[in-house]
Amino acid sequence: MTDEYEHYEAVVVGAGPGGAAAAATLAQSGVETVVLERGVDAGSKNVTGGLIYAEESAPYTIDGLLPGFREHATERPVTDYYIHNIAGEKVKTFDITRGHEQDTEWADAVLRRKMDSWMAEQVHELTRETGGGLLTEVKVDGLLRENGEIIGVTCEELDPITADFIVAADGVNSELARDAGLMDWEEPDEWFQGVKAVVDMPGDVIDERFDIGEDEGEAHLFSGDLYDDVRGGGFLYTNEDSLSIGNVFHLDSIVEQGAEVQELLDALLTHPMLAQWLGDEYDEREYSAKLVPDSKKAANPSPHEGRLVLVGDAAGQMQAQGPIIKGMNHAVTAGALAAEAFVEARSRGKPDSAGERYEQRLHDEGVMKKLRPARYEVASALGENDTTTGIAERALDSPLGRVGMRAADKAGLLGRAYGSPYLATMMPDTKTPYVSLPTAIGETLGTEIETENTVEPPSLEERIGELTYDTDVGNPHITLDDNSFEASGAAVTACPVSAADFGGGCYREEMVQSNGDEKHVVSLDTQPCVECGTCAIVADTQWEHPRGGKGVEFREG
């Protein structure tokens with residue numbers, strides 16, 4: 001039967017940065033390559049904060065693989081980078097541009113629909129020259145096996161396709177990675193959840209309010225008590241004619257605190273500090289969300305199985321360590337390294353060795369050291385426990401701790417610490433660096449913000465209503481295995497389009513009478529789903545992507 005299936009030398013699943021880098025590198029080496037993309041257009045299913053970097057130490061950058069990338073696919077370059085420590089309405093800001101520029105050739109703000117669509121055009125032209133091309137609205141739902149060996153992929157819209165090499169660049173919710181047993185959704189502490197608003201703002205207004213030129217841009221990070229005790233922080237990036245504003249939190253912390261993620265976003269949008277930039281008129285273009293792997297715990301050190309390799313979020317290659325937030329550049333490097341490994345393996349007559357060669361390259365080129373720094377392993381063993389956290393918390397609250405903080409600031413040590421990539425890779429995943437320390441810094445060193453913020457963010461219902469959906473009626477992509485509140489109730493608050501006492505989102509809680517007993521249950525409606533995958537981790541569900549072209553379509557991303 002497999003002899004009757006269409007065959008390509010390489011199949012790339014997903015047309016994001018990792019998939020584009022892999023496909024471009026393969027095609028430029030003469031490899032017959034087909035790219036399969038689930039969305040109606042590349043980028044229509046993708047969300048980023050987001051900044052894309054070109055690192056000086058990286059063997060590949062996206063503009064090196066696809067010339068013209070920065071001119072056609074990005075927003076503004078990041079020329080200034082700040083972090084804000086918030087305590088109530090007091091804020092202490094540090095300029096961390098110097099740390100941001102370490103190992104950075106360039107960094108640009110991007111929106112995924114624009115960026116991915118441009119990359120897809122280039123990739124389609126390159127792959128067509130080798131007898132392949134790029135197809136959209138194709139959902140790859142699994143791996144094709146013969147005698148237990150991976151030989152291709154299965155698709156809902158097409159017959160199975162066989163290939164000598166398969167690149168899974170299908171994102172954080174990769175069905176191929178799960179099919180191969182290379183990814184699971186068992187541990188909430190291995191994931192972040194990001195929620196973002198794209199805010200309309202003319203370019204000249206951005207220039208004026210941020211005091212920058214049209215070829216300049218700013219990045220801002222926020223942490224402190226505006227998020228209560230949820231571990232994470234906020235961001236703001238300047239685009240050409242919009243702002244990207246959002247939060248990224250540890251998923252286990254969202255669940256533990258029972259936090260409503262859209263309310264945490266509103267807490268940032270309505271903070272007095274943002275009044276200087278948002279002004280009196282607030283026009284939200286798009287609300288979106290996604291899961292993000294924590295590479296320190298989730299990056300797969302051996303991301304391959306047979307002919308299959310994983311790149312980008314599918315391999316857990318998202319570096320979020322303090323103010324270091326890098327993912328798309330690592331996906332680009334990984335995609336190109338995977339393609340390079342296959343080309344070499346093929347030239348040596350051993351195409352099945354591509355996965356092992358790819359793994360070796362990730363280690364040799366230092367990618368895994370960035371994603372899973374050894375310093376964090378040591379720091380987490382020492383710092384992520386109740387005893388150490390308790391000592392740190394008491395020190396911050398003590399008069400001596402506050403005196404030390406003032407002295408450290410006067411000597412410039414706090415600013416240098418925040419801008420240090422070395423220290424960022426050691427930061428423990430506890431309340432102290434995310435909440436307690438920035439709050440203490442804000443209280444002790446901050447300046448009161450007296451500007452009134454008049455922003456009124458849209459309601460969750462309005463945000464959902466503004467999104468574009470092609471609902472796959474009769475084919476729900478999520479089902480509840482256990483509808484008890486005990487098993488699946490966390491999805492009610494953690495889901496970015498659901499909330500307690502809100503009836504329009506994916507999940508809602510109900511009290512149901514059954515045989516004289518009252519039962520607390522959860523009900524599900526997948527129609528407004530933004531396909532972030534949060535509920536697959538925090539609830540007892542069966543989760544898969546909607547069929548090709550169906551579900552949510554992001555216009556900004």
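Good morning. The model is predicted: local features are taken only at pLDDT of at least 70, side-chain atom pairs count only at pLDDT 80 or more, and totals for chains, interfaces and linings use all residues. Residues are numbered from 1 along each chain as its sequence is written, and side-chain values use heavy atoms, with hydrogens and water left out.

I begin with the strands. Strands are DSSP runs of E with at least two residues, helices are runs of H or I with at least four, and both are numbered from the N terminus. Two strands are said to pair if DSSP finds at least two bridges between them.

An open sheet is formed by eight strands, in the order β15-β11-β14-β13-β12-β4-β5-β20, with mixed pairing. Its edge strands are β15 (284-293) and β20 (447-448), each of which pairs on one side only. Within this order, β12 (residues 218-224) and β13 (residues 232-238) pair in the antiparallel sense over four bridges. There, F222 has G234 in β13 as its bridge partner.

A further antiparallel pair consists of β23 (residues 507-514) and β24 (residues 517-524), joined over eight bridges. Y507 stands opposite L524 in β24. The two strands form a hairpin with two residues between them, and N515 in the turn has a positive phi of about 55°.

Strand β3 (residues 51-55) runs antiparallel to β6, and five bridges join them. A54 has W106 in β6 as its bridge partner. Five of the six residues of β6 are buried, and the strand is thus mostly covered. Here buried means under 20% relative accessible area, exposed means over 50%, and partly exposed lies in between, for a 1.4 Å probe and protein chains only.

How many aromatic pairs does the structure hold? The structure holds eight. Rings of Phe, Tyr and Trp (its six-membered ring) pair if their centres lie within 6.5 Å; planes under 30 degrees apart count as stacked, over 60 as edge-to-face, and the rest as tilted. F69 and W106 form a tilted pair, 6.2 Å centre to centre with 35° between the planes. Because F69 lies in helix α3 (residues 69-73) and W106 in strand β6 (residues 104-109), the pair ties together parts that are 37 residues apart in sequence. F69 is buried at a relative accessible area of 0%, and W106 is buried at 6%. F235 and Y237 form a stacked pair, with 5.2 Å centre to centre and 15° between the planes. Both F235 and Y237 are buried. Returning to W106, this residue forms one aromatic cluster with F69 and W118.

Lysines also meet aromatic rings. A charge sits over a ring if NZ of Lys or CZ of Arg is within 6 Å of the ring centre and within 35 degrees of the ring normal. The charged end of K296 sits over the ring of Y376, 5.1 Å from its centre, while K326 lies over the face of Y53 at 4.8 Å from the ring centre.

K196 is found in strand β11 (residues 191-200). Its side chain reaches the backbone oxygen of T48 at 2.7 Å and that of G557 at 2.8 Å.

I close with backbone geometry. Most residues other than glycine have a negative phi, and most peptide bonds are trans. A cis peptide bond joins G49 and G50, with omega about -15°; G50 is found in the loop between β2 (33-36) and β3. E137, which is not a glycine, has a positive phi of about 60°. This residue is in the loop between β7 (133-135) and β8 (140-146), and E137 is partly exposed at 38% relative accessibility. E531 also has a positive phi, near 60°, and is placed in the loop between β24 and α24 (534-538). E531 is buried, with a relative accessible area of 8%.

Technical notes:
A polar contact is a pair of N or O atoms within 3.5 Å; within protein, one must be able to donate a hydrogen and the other to accept it, and residues adjacent in sequence count only if both atoms are side-chain atoms.
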